Amino acid sequence: MSSNFLLASLVVVAISFSQCTNDFIYPGLSVNSALTLESRSSMAACDDAELISKNVISCGLTRAFYIQLPLGFHPDSTYPLLFAFHGHGSGTDKACAWKDRIGEWIDLNKFIGVYPRAYNDDYWYVGDPMPDAPITDVCFVNQIKEKMMLEYHIDALRIYAMGTSNGGGLSLHLARSVDWLAAITTLAASTWEGYSLAFVPVLPIMHVHGDLDGTVPYIGGYSAGIGLTFNSARQADSIWAVENNLCPITPKNQTITVGAQFIYKTSWCSIKQKAGTWGGIDISPLALKKEVIHYRLHDIHHNLYSEISYDTKVKMNNDIFAFFKRHHL
């Protein structure tokens, strides 16, 4: 990526927390040694009493995140861990929104949810667009993961990441940066020009995208509000499935109707393989899956959680958590 691109200035329009528009990646903001390294995210707390507020020292910075323990949590039980990353936008409690989005499913499926807060409550650094950033969010997430492993019984084979928009970008960046993820889900987020699969392992991914998204264009192309050129959402998933996960070229297509909402589902490697053994170790059908799922939400824009009906949210979240539960390292 050119230095001219990295130095380009972008104008970010201030918006309310409830809208959170244009919240993917803002690589043009100038980042240099003059930028204060004090993180505002350690100075305010989510006002949801059911979330646990924690800090962690990450590469010299105090950073904040929230924990949701599932209903009926028992300290001696072992739980899957799910990171959920907010998008870019104004407001210091964007991470708290995940409690409303997926809190019921954390309880129902007995996961532990972690909702990190971005540096200065702003946006996530996702690698290629900002290689000279003074911090690394991969370091931050790694520190949270290690802290959670020390303080809770976490199933190390079942750690997942999901995110909307810029948070989905961080999930994609983590996929090529860490080796402990079992699966990821991105919402309103696609790979961008310069994103390489060279360091991405075979990894299940579920991608949910509104086909009227103009911020991260569903059909792909340049986003003036972000300053990146995105790959077509479906094409990006096809490449991930065929070239990275070595799935058959021909996917399975399905149309799902939830009330008035049409969901066009495309899936690769969706057929369970037969169980067998390798090196004397039993291999379950689920361990062999390389599943890629693409959800196109018809007539939905960028802020999909605020646009879809509750029934669509139930269907989508049920499928996301079922997807996670099918996969482990």
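A disulfide (a pair of cysteine sulfur atoms within 2.5 Å) joins Cys-247 to Cys-269, with an S to S distance of 2.1 Å. The link of Cys-247 and Cys-269 is left-handed, with -125° about the S-S bond. Cys-247 lies in the loop between helix H5 (233-244) and strand S10 (252-258), and Cys-269 in the loop between strand S11 (261-268) and strand S12 (276-278), so the pair ties together parts that are 22 residues apart in sequence.

The structure is a predicted model, in which local features need pLDDT of at least 70 and side-chain atom pairs count only at pLDDT 80 or more, while totals for chains, interfaces and linings use all residues. Residues are numbered from 1 along each chain as its sequence is written, and side-chain values use heavy atoms, with hydrogens and water left out.

A search of the whole structure finds 2 disulfides. The other pair is Cys-59 and Cys-139, whose sulfur atoms are 2.0 Å apart. The link of Cys-59 and Cys-139 is right-handed, at 115° about the S-S bond. This pair links distant parts of the chain: Cys-59 is in the loop between strand S1 (52-58) and strand S2 (61-68), and Cys-139 is in helix H3 (residues 137-151), 80 residues apart.

| Residue | Relative accessibility | Class |
|---|---|---|
| Cys-59 | 53% | exposed |
| Cys-139 | 16% | buried |
| Cys-247 | 5% | buried |
| Cys-269 | 18% | buried |

The protein chain contains 7 helices and 14 strands, where helices (H or I, at least four residues) and strands (E, at least two) are DSSP runs numbered from the N terminus. Of its 329 residues, 53% count as buried. With contact meaning heavy atoms within 4.5 Å, residues 24 or more positions apart account for 68% of the contacts in the protein chain with a separation of 6 or more.

Helix H4 (residues 166-175) has 10 of its 10 residues buried, so it is largely enclosed by the rest of the structure. Among them are Leu-170, Leu-172, His-173 and Leu-174. The buried residues of H4 pack against strand S3 (79-85), H3, strand S5 (154-164), strand S6 (183-187), strand S7 (205-210) and H5.

Two packed helices are described by the angle between their axes and the distance between the axes. Here, axes are lines fitted to C-alpha atoms, for helices over the stretch in contact, and angles run from 0 to 180 degrees between N-to-C directions. H3 and H4 pack at an angle of about 80°, with their axes 11 Å apart. That makes H3 roughly perpendicular to H4 (angles under 35 degrees count as roughly parallel, over 145 as roughly antiparallel, 65 to 115 as roughly perpendicular and the rest as oblique). The contact is made by Asp-137, Val-138 and Val-141 of H3 and by Leu-170, His-173 and Leu-174 of H4.

The axes of helix H2 (residues 97-109) and helix H7 (residues 310-325) come within 10 Å and cross at roughly 50°. H2 and H7 are therefore oblique to each other. Residues making the contact include Ile-102, Trp-105 and Ile-106 of H2 and Tyr-310, Val-314 and Phe-321 of H7.

Terms used. Buried means under 20% relative accessible area, exposed over 50%, partly exposed in between (1.4 Å probe, protein chains only).
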